[in-house]
Amino acid sequence: MSSASLSLSRDDRPILIAALFILVILVAGTVYTFARFGSAPLLSPTYLLQQLQIGAFLGIVAAGMMMVILIAQIDLSVPWTLAAAAMMATSIGGPLAIPVGLGVGLLVGLVNGIGVAYLRVPSMIFTLGVNAVMRGLMVAHTGGYAPQTGATDLMRMLAGDRTLGIPNALFVWIAVSVLVTIVLQRTTLGRYVYAIGNKEAAAYLAGVDTRRITVICFVLCGLAAALAGVLLAGYSTKAYQGMGDAYLLPSIAAVVIGGTNILGGRGRYLGTLIGVVLIVLLNSVLSIMDMPEAGRQVIYGLVIIFMLLVYGRGERVTS
Amino acid sequence: MLDDVAIRVRQNIGIVTAVLLFSILYLLYNLSHPKGFSSAVLVQNGDEIFALAMLAMAQTVPVLASGLDLSVGAVMTMVGCFASYLLTGVGAPLHLDIFGLHLGLGTFPGGMGGILLGIVICLATGALAGFVNGCVVVYGRIQPIIATLATGAIYIGIALFLRPTPGGKIDEDLNWALTNSLGDFAQTIHIFDDGAAPWFAPVAWIPVPFVLLVLIALLVWVPFRRSVIGRAVYAVGSAEGAAYMSGLPIDRAKIAAFTLAGFFAGCGGLFLAIQTSSGNADIPQAGAYTLNSIASVVIGGTSLLGGTGSAIGSIFGAMVLRVISFFFRIFDIAPLLQPLFEGLILLAAVSIGALGVLRVKNTLELFR
């Protein structure tokens, strides 16, 4: 075992450990349910598929977040990009609902990207401001209440229905995943993303238009958040205030647990995928255990620290 | 002499801008307020500013060492929940219900002594939380932003455990004494002839939170800034490698930075609990305070890259943020539009500050 893990690259080790941890969660949860209720719901495919359907929204957000973290930035505007896309999509309705929702994400991403890449405002603060503006716009638009408009049939179909017993949301997540994997591994854009994350000045000197790539990454993140918002509105049949709040920190945590360096330049998409599954399963096991919110938060924090202590430790600064 | 001043201003352009911006905004606010320049208005504003100002100071210290602390809001909330048990002013039995066990913790003393003890315990809790952050960052070698994200969840968890629903009580005299003017303070604790001493009259109008803010800045921040550890914090922020090679205690500096952040956040939480007379494990509020603390730090002229800036600037940053929301009350801006204006102003403030990039001749300088 130890020789095997030594031969793994440093990008693969986190993925393997996180995958093992998922097994631990499944086993622990099953032992608990078996002892308490005499059944093993965690191992039934229906239950797992249902959990993955819920996880798809987080997974799509995390995919976009990863693009931004890889270039050593962060996008804090995700919560209200997601909510705004959902609200605009439901209030437009009709066949244009989904394009309009995605358009909102594209626009927000563009603004974020321009602010970060061209004005050189730290992404931490610029996206925070954009988040506040989006929230303000939506509060003004909806009057602070849950909008009365509902999701279109297409949105409900994409997020809530199943094809051949498999939730459609899962297909969307898989499509996004395939796209991100191809972009990161098979295109020059992907190479540039990693290069910028490692050292933007070096990438610039090598002839990469680093600012344009930064904008593209933020646009992809905005699009991902918007897509998740549109789907989430379809899943819950309507948009509501604060629907994106629960996605910001878990999406960052999923990316980081999957072994992506928060300082950018390193990490594989497979890790993010595993990170999302880990968080979703952890959540569902905790709710099966009837864990109160207090305990959940503590366990959530401990798991992140534990995982990073195992494989996410930085190097000592010695020169 | 004038050159000297000019150089100093140029070196501290961020903080000077924040102070000027605050002065102008606050002057305008008082001019347009029907009861402007009165003690009552000052007291009200002081109460509203204090907690955010403390969190802005808290955020500054780790940022100076180029590490963000995403747990300041959580520490504030947790300390507030502790305060709602310890500052009741009446001796109360404390017990802990955990995993079905019922543990009696004895009776917490009441009266003045109990309140002082409670305050000390609350502040120590905040500092301890910060110390834990520092240890996770330094010995765990985890990036501060993600380490404090995780510890923040733990602190919120503890707060929720203490106060699943908002509640608790704070001694009424304590609440009255700390959230009003110095005159009321003296009257409540019976000093200076109940605040009626003639020499005391000229300062009796000053709001207590304002005095506390100045005291904490002068007695905690300034000595820290001038100590070896404080200088090491700045050095770590500007070039960690160079600081290490110069033999500075970088590990201790980082731990001290996070500990101090925890202490400041604890002060904020304590005041918020005293002000609202309750403990409330409000997760959205904790998040909003954390994010506003980052905004305050930036508006106050501290670089998020670390190494330059000051907690005093951040106090003014926090004041600017708060004054902007005071204006909504004056100009009767529809409540529905307020979040939009707040966001636009924040965005405008950071973007205008960034217009300097347009003057940069060598593009390479952008990629620091």
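Which residues in H3(A) meet which residues in H8(A)?

Guide: Since this is a predicted model, local features need pLDDT of at least 70 and side-chain atom pairs count only at pLDDT 80 or more, while totals for chains, interfaces and linings use all residues. Residues are numbered from 1 along each chain as its sequence is written, and chains are lettered from A and ligands numbered from 1 in the order in which they are written.

On the side of H3(A), the residues are A:Leu52, A:Gln53, A:Ala56, A:Gly59, A:Ile60 and A:Ala63, and they meet A:Ala169, A:Leu170, A:Val172, A:Trp173, A:Val176, A:Ser177 and A:Val180 in H8(A); contact here asks that the C-beta atoms of two residues, placed from the backbone, lie within 7 Å. By class, this contact has ten nonpolar, three polar and no charged residues, where Ala, Val, Leu, Ile, Met, Phe, Trp, Tyr, Cys and Pro count as nonpolar, Asp, Glu, Lys and Arg as charged, and the others, Gly among them, as polar. Helix H3 of chain A covers residues 45–70 and helix H8 of chain A covers residues 168–186, helices being DSSP runs of H or I with at least four residues, numbered from the N terminus. The two pack at an angle of about 25 degrees, with their axes 8 Å apart; axes are lines fitted to C-alpha atoms, for helices over the stretch in contact, and angles run from 0 to 180 degrees between N-to-C directions. That angle makes H3(A) roughly parallel to H8(A), as angles under 35 degrees count as roughly parallel, over 145 as roughly antiparallel, 65 to 115 as roughly perpendicular and the rest as oblique. The crossing is left-handed, a term for a near helix turned anticlockwise from the far one by less than a right angle, with right-handed used if it is clockwise.

Helix H4 (residues 72–86) and helix H14 (residues 283–299) of chain B pack at about 135 degrees, with their axes 7 Å apart, which makes H4(B) oblique to H14(B), and their crossing is right-handed.

Back in chain A, 15 of the 20 residues of H13(A) are buried, so this helix is largely enclosed by the rest of the structure; a residue is buried if 20 or more other C-beta atoms lie within 10 Å of its own, exposed if 12 or fewer, and partly exposed in between. Just after H13(A), A:Asp290 takes a positive phi of about 60 degrees although it is not a glycine, and with 8 C-beta neighbours inside 10 Å this residue counts as exposed. A:Arg120, in the loop between helix H5 (97–117) and helix H6 (123–142) of chain A, has a phi near 60 degrees and, with 18 C-beta neighbours inside 10 Å, counts as partly exposed.
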